[in-house]
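Subject: Structure for you to look at

Hello,

Here is the structure we talked about. Please open it and keep it in view while you read the notes below.

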Amino acid sequence: MPPSDPQATSATRDVRDWLGHLGNRAQNRVVSGQFAGYSGKTFSLAQVEESKAQTGAYPGLLGCDYGHDGNAIDHTCNATLKDWAASGGLVTVSAHLPNPDQPDWSGLFSKLATFDRLTDRTTGTGRRWQAELDRVAEGLRDLADAGVPVLFRPLHEMNGDSFWWSAQDPQTFAAVWRDMYGYLTEVKGLHNLLWVYAPDCNYGKRSSYYPGGAYTDVVGLDCYVREPAAVQGYDELVALGKPFAFAEIGPRSGPGGVIDVPLDYGKWIDAIRTRFPATAYFMAWNDQWRPTANTGAARLMGDPWTITRGEIALSARTEGGPIPAGTPVPLADFESGTQGWGGWQVLAGPWSVDEWATQGGRSLKADVDLAAPEAYLNRVAPQNLTGYRALTATVRTAEWGNHAAGTTAKFYIRTGAGSAWYDGGAVRVGPNGAVLSLDLSRVADLGDVREIGVLFRPAPGASGRSAVYVDDVTAIAAPTLVSGFESGTEGWTGYLTATAPASTSDWASEGGRSLGAEIDLAAPEAYVDRRAQFDLSGRRTLTATVRATASGGTAKLYVKTTAANTWYDAGAVPLGPDATTLTLNLAGVGSPGDIREIGVQFERRGAGGTGRAVVFVDEVTVR
């Protein structure tokens, strides 16, 4: 997983590659982070030390901001950042940079009307912007000379309304980002940067400003919320194909910027585990937003998924493959015993134990001889897996014993009277564990599964006694299709559309048909929707695939609940000729068992639209 910069230093490449592999682990897979303040103004390790005193661990990632009072740029925090990196931690730098046309505190929060001039060095705005970048480059150069890779997060929350760079034209923003990237990377020769794109989760158009994969290394969300599990935008950002992070987190402020309801930070790690498992790191803000000023700091930092400073080992990669989308159905969690699982060629066991688990409090364990060629944990019993698309399990080895180059594990099944073997391939595992997956699309006789198991194979030269563990054996069911439009409109209608929606063969994301309707490009909005009662209790996400024959607008997937028709949506996403999947996190929806309407709102973006375009909706599904 190389960084965007082909000339990135080896240390920078190691950080990028390590972050990209964390999601394959069973535990120790999310780096903890803490912002320590504004350089030259509030930057201090006092609150980090407070966290260490209360939780017993330092965060793995330390943050500093080069902005100083909205009218200066300072990087005296570098001395601490270098010490932090030397102690085994990662560092991130953000930059609340001065407004080039209004360099004072108020200018930081005043939208820059001449934003398009930032890339034109012949203008006063462009020259002042370049001078700011030169000053930033001095600080980043100091870190580069010390061999410190930097997660660099400029122009964050661009989709919101807080700063001079916010709510600009998305195409112009992307051009400014790419120009900044080129100037710092190519002109200034800074090859220690991993570029972090971080919109605000509480606004729409989260991917509209994305400058492209060639200019980005990590994508993330800045989120100040009361209920972390209800955060919107995760799937939209993960779909960009980069490591994902929560680049800022904290409790939502009330009137006057004061935290009126303390946040239980334990809910953040719960949400990451259950809703946002691709998260590579998070960074909590400081002062009143810090975990130790709220609640749940110890649970956040002590969770088995959380990586603290002493647990960062960039040489440790955990291989694995992507887990197919769908609805997880538990097959074995070992909370109530071995649940029919046994062992073969093991020294002792298996047993249900409480010494390690990925979900719940228990897993399956067996002792093994590392000098033996292989060992199995398995369940030999008839099972019907028809309709499932994949199997997953989390596995690990114990720390003790000589594992040499490392033990590998294969997740397998045997089917039919001939016990035909299918497996997901060998994955190297260790004490951090790994997530194994097995694609069932190529498996015959899914209705006649005879055995499910994990094969552990020690490396040549391994010796001694050790233990292996299995937990959270899960079948992944295909998403449930709400509407595919193969047989008609399926009850969907239009509101403010130029033509009534109809099932059409002009385009489809799956099958042969979709729902299509013409809209007036001069009108502010139009809707296609289905008004009926739906019970989506226990479901995680609602998705729909959309496209249009013309660009220049946005689409929102929404639901209305109860007799009050309370509205919930996932935010606006740019719409155009390329298919786009809209995702609504149902954790944020009140009364999911009483949904009265599902629909897509199409909105015009900007003035001047004329004529008509066709909008399409297809594959409305729940997971």
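Leu184 touches Leu133, Ala137, Leu140, Phe152, Gly189, Leu190 and Trp195, not counting residues up to four places away in sequence; contact here means heavy atoms within 4.5 Å. This is a predicted model, where local features need pLDDT of at least 70, side-chain atom pairs count only at pLDDT 80 or more, and totals for chains, interfaces and linings use all residues. Residues are numbered from 1 along each chain as its sequence is written, and side-chain values use heavy atoms, with hydrogens and water left out.

Leu184 is also one of the residues that touch the most other members of the largest nonpolar core, which has 69 residues. A nonpolar core is a set of buried Ala, Val, Leu, Ile, Met, Phe, Trp, Tyr and Cys residues joined through side-chain atoms within 4.5 Å. Buried means under 20% relative accessible area, exposed over 50%, and partly exposed in between (1.4 Å probe, protein chains only). A second, separate core has 34 residues, including Trp341 and Val468.

His75 is buried, with a relative accessible area of 16%. Among the residues that His75 touches, leaving aside those up to four places away in sequence, are Ser39, Tyr66 and Glu138.

Strand 28 (residues 514-520) is largely enclosed by the rest of the structure, because five of its seven residues are buried. Strands (E, at least two residues) are DSSP runs, as are helices (H or I, at least four), numbered from the N terminus. Strand 28 pairs with strand 36 (residues 612-622) in the antiparallel sense over six bridges; two strands pair if DSSP finds at least two bridges between them.

Regards
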